[in-house]
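Subject: Structure handover

Hello,

I am passing on the structure we spoke about. Please open it alongside this message.

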Amino acid sequence: MKSKYSFKFEDLQVYQKAMDFGELVNQQVEQFPNHEIYKLSSQFIRAADSIAFNIAEGSGSSDVNFNRYLKMAWDSSHECVAASTKARLRGYITFDTEEENRRILTEIGKMISSLRRHLKNK
């Protein structure tokens, strides 16, 4: 169901992809062992959600400030790469799942970088 209230950042494809990735990570960590709840699970979810949160938070301000938030979103995407690798090394996700995470994060990273360049060149 679509809300009758919308915000401009919700139209950004990179925001939509980041939201989807956060939900994907949330599904993945459901399979992690309970002893990881306050460790890797929590860190991975926070990093994944932070990508979309930073895009949303920075979108309503100046281009310079938005660019700063996009950099934080980009940094969070890299944190997700490390978390995904740790999850695979610990046997919580498969190689194929990690590869899919990396594919999505690469796409999100390229989109963030492109948007940052656009803002700098305005």
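This is a predicted model: local features need pLDDT of at least 70, side-chain atom pairs count only at pLDDT 80 or more; totals for chains, interfaces and linings use all residues.

Helix packing

Two packed helices are described by the angle between their axes and the distance between the axes.

Take helix 2 and helix 3 to begin with. Their axes come within 8 Å and cross at roughly 160°. Angles over 145 degrees count as roughly antiparallel, so helix 2 and helix 3 are roughly antiparallel to each other. The crossing of helix 2 with helix 3 is left-handed. Sorted by class, the residues in this contact are 14 nonpolar, eight polar and three charged.

The next pair is helix 3, residues 63–89, and helix 4, residues 95–120. The axes of these two come within 10 Å, with a crossing angle of roughly 170°. Helix 3 and helix 4 are therefore roughly antiparallel to each other, and their crossing is left-handed. The contact of helix 3 with helix 4 has eleven nonpolar residues, seven polar and seven charged.

The remaining pair is helix 1 and helix 4, whose axes come within 10 Å and cross at roughly 155°. Helix 1 and helix 4 are therefore roughly antiparallel to each other, and this crossing is left-handed. On the helix 1 side, the residues that meet helix 4 are Gln-13, Val-14, Lys-17, Ala-18, Phe-21, Leu-24 and Gln-28. On the helix 4 side, the residues include Ile-104, Leu-105, Ile-108, Met-111, Ile-112 and Leu-115, and also Thr-97, Asn-101 and Glu-107. By class, the contact of helix 1 with helix 4 divides into ten nonpolar, four polar and two charged residues.

The nonpolar core

In soluble globular proteins, nonpolar side chains tend to be buried together. In this model the largest nonpolar core has 30 residues. Those touching the most other members are Phe-21, Phe-32, Phe-44, Ile-51, Ile-55 and Cys-80. Helix 1 (13–29), helix 2 (37–59), helix 3 and helix 4 each supply at least two residues of this core.

Leaving aside neighbours within four places in sequence, Ile-55 is in contact with Leu-12, Val-14, Tyr-15, Ala-18, Phe-66, Leu-70 and Ala-73.

Gly-58 and Ser-59 can be looked at together. Which of the two classes applies to Gly-58, buried or exposed? Gly-58 has 0% relative accessibility and therefore counts as buried. Ser-59 has 24% relative accessibility, which means that Ser-59 counts as partly exposed.

Not counting residues up to four places away in sequence, Gly-58 touches Phe-66 and Tyr-69. With neighbours within four places in sequence likewise left aside, Ser-59 is in contact with Phe-9 and Phe-66.

Gly-58 and Leu-40 are 18 residues apart along the chain, and their C-alpha atoms are separated by 27 Å. Ser-59 and Glu-98 are 39 residues apart along the chain, with 29 Å between their C-alpha atoms.

Regards

Technical notes. Residues are numbered from 1 along each chain as its sequence is written. Side-chain values use heavy atoms; hydrogens and water are left out. Axes are lines fitted to C-alpha atoms, for helices over the stretch in contact, and angles run from 0 to 180 degrees between N-to-C directions. Helices (H or I, at least four residues) and strands (E, at least two) are DSSP runs, numbered from the N terminus. Angles under 35 degrees count as roughly parallel, over 145 as roughly antiparallel, 65 to 115 as roughly perpendicular and the rest as oblique. A crossing is left-handed if the near helix is turned anticlockwise from the far one by less than a right angle, and right-handed if clockwise. Ala, Val, Leu, Ile, Met, Phe, Trp, Tyr, Cys and Pro count as nonpolar, Asp, Glu, Lys and Arg as charged, and the others, Gly among them, as polar. A nonpolar core is a set of buried Ala, Val, Leu, Ile, Met, Phe, Trp, Tyr and Cys residues joined through side-chain atoms within 4.5 Å. Buried means under 20% relative accessible area, exposed over 50%, partly exposed in between (1.4 Å probe, protein chains only). Contact means heavy atoms within 4.5 Å.
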